[in-house]
There are 2 protein chains.
Amino acid sequence: MSLTLTPLEGIPEVQPGDDLAGMLLEAAADLLEPGDLLVVTHKVVSKAEGRLVALESIQPSDLALRFARRWGKDPRAVELVLRESQEVVRMARGVIISRTRHGQVCANAGVDLSNAGGGQVACLLPLDPDASARGLARRIQAAVGFAVPVVVCDSFGRAWREGIVNVALGVAGMDPFTDYRGTRDPHGYDLRVSRMASADALAAAAELAMGKVDGVPAVRVRGFPWRPGEAGGVALVRPPENDLFP
Amino acid sequence: MSLTLTPLEGIPEVQPGDDLAGMLLEAAADLLEPGDLLVVTHKVVSKAEGRLVALESIQPSDLALRFARRWGKDPRAVELVLRESQEVVRMARGVIISRTRHGQVCANAGVDLSNAGGGQVACLLPLDPDASARGLARRIQAAVGFAVPVVVCDSFGRAWREGIVNVALGVAGMDPFTDYRGTRDPHGYDLRVSRMASADALAAAAELAMGKVDGVPAVRVRGFPWRPGEAGGVALVRPPENDLFP
């Protein structure tokens, strides 16, 4: 069976306090069928949840000032990245790789800068992307009458590989993994190490249909055989004690 | 526009020396249109290219013997992983993360074990996945009369994240990146850091349509606006000198 990714068009610019679930439903309710799921970029979730900070309101620390001066960065943006981090993993060459409050290891703690509304504004990650995903999934299910899993995504860099790809930050209504452990390949070999991070793959796939500059914040995925599950996107974060690159 | 991923069914088990391009064409020629691309799992490429090694033929080194004994591994498999590596990045807890001859950083140097044909057999990565992809793309173009980019993929683990996702090892006929640098978002903000690793995202997406145990080695992707390019999958490998996690 084919898998189809369809961008949801016509969703207006999201503002703090907007009813994002309602806006997604307006765009998608007639297009949803049982079995579908939605991938939603974190940016609209963050905006609706008011996770925007005017840079002019930020007083940078000495560390932020020094790092910013050395690498030609905005010290207020550096300060925000530090505030959004629970731990700095690498801080070099003008790049900050840190572990966010959610445990996500990424560049700049997921802080994006934009010029929304005149002055420079930073968009932070949602406080709890799994809760955000659950809230959207609950509203959508109530409206359409069947379960529609929701993946909230952001684009991350990777160690060892160039370019960024979308990953899943928040997941609701589906198992974030497809577990092949215990299954056997056609030769009877136990595929025990194979647990696919399907929610990450769905996030990556959605970006291909989304584009970056076209203002499409959500993609409908049809034909992926998701299984119900409540582990959330947090299950995709490897605990530091199990990581060879902590 | 929607993006559609369609598994190519009915491709028989690939054997060393098989004409993989011919087999893909048999399954896909009638299904291809201009604009399509193919994602092919490296396993069938490796098999067709004869990159199979019988474990019984391997004489393990002392290092392989010691590591295997400590962690309950097959010393011959460990030896093969070491032979396929140009550099060991981490070797702990029974896991070997290494840099392959191609520069790819991954677990076990991409060596897969299976029981193909009775005894234990290791399947190695293709010697030159970009050359493999180019060979397939050339044959397919000659047969169908238009360019069909080819992505050769494998599933990799990641630092900091649980589960595996498919990535692109070899790429032919398309730019492996979608470059948003220099473009501007709706607020005029320069998206200068955004270069999407589209070939990796295509590989990840293909796995969603492929499944792991169903023996589907290739997926047709329709609706992705690829641009021609010859950088290859090698461009997705970050040079160690630019990496914060070398």
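The questions and answers below concern a predicted model of two chains, A and B.

Residues are numbered from 1 along each chain as its sequence is written, and chains are lettered from A in the order in which they are written. In this predicted model, local features need pLDDT of at least 70 and side-chain atom pairs count only at pLDDT 80 or more, while totals for chains, interfaces and linings use all residues.

Me: How many helices and strands are there in chain A?
Reply: Helices (H or I, at least four residues) and strands (E, at least two) are DSSP runs, numbered from the N terminus. On that count chain A has six helices and 13 strands.

Me: What radius of gyration does chain A have, against that of a compact globule?
Reply: The radius is taken over C-alpha atoms, and the globule rule is 2.2 Å times the number of residues to the power 0.38. The C-alpha atoms of chain A fill a box of roughly 55 × 45 × 25 Å along the principal axes. For 246 residues the rule gives a value near 18 Å, and this agrees with the value for chain A, 19 Å.

Me: Is Pro176(A) buried or exposed?
Reply: Pro176(A) sits in the loop between strand E10 (161-172) and strand E11 (178-179) of chain A. A residue is buried if 20 or more other C-beta atoms lie within 10 Å of its own, exposed if 12 or fewer, and partly exposed in between, with C-beta atoms placed from the backbone. Because Pro176(A) has 30 such neighbours inside 10 Å, it counts as buried.

Me: Which residues does Pro176(A) contact, leaving aside its neighbours within four places in sequence?
Reply: Two residues are in contact if their C-beta atoms, placed from the backbone, lie within 7 Å. With those neighbours left aside, the partners of Pro176(A) are Ala168(A), Val171(A), Ala197(A), Ser198(A), Ala199(A), Gly229(A), Ala231(A), Gly233(A), Ala235(A) and Leu236(A).

Me: Which element gives the largest share of the side of chain A that touches chain B?
Reply: The contact takes 55 residues from chain A and 55 residues from chain B. Elements giving two or more residues to the chain A side include strand E1 (3-7), strand E4 (85-92) and helix H6 (198-210). The largest share, nine residues, comes from H6(A).

Me: What is the bridge partner of Leu5(A) in E1(B)?
Reply: E1(A) and strand E1 (residues 3-7) of chain B run antiparallel and are joined by three bridges. Within E1(B), Leu5(A) has as its partner Leu3(B).

Me: What is the phi of Trp160(B)?
Reply: Most residues other than glycine have a negative phi. Trp160(B), in the loop between strand E9 (150-158) and strand E10 (161-172) of chain B, counts as buried with 25 C-beta neighbours inside 10 Å. Its phi is positive, near 75°.

Terms used:
Pairing = 2+ DSSP bridges.
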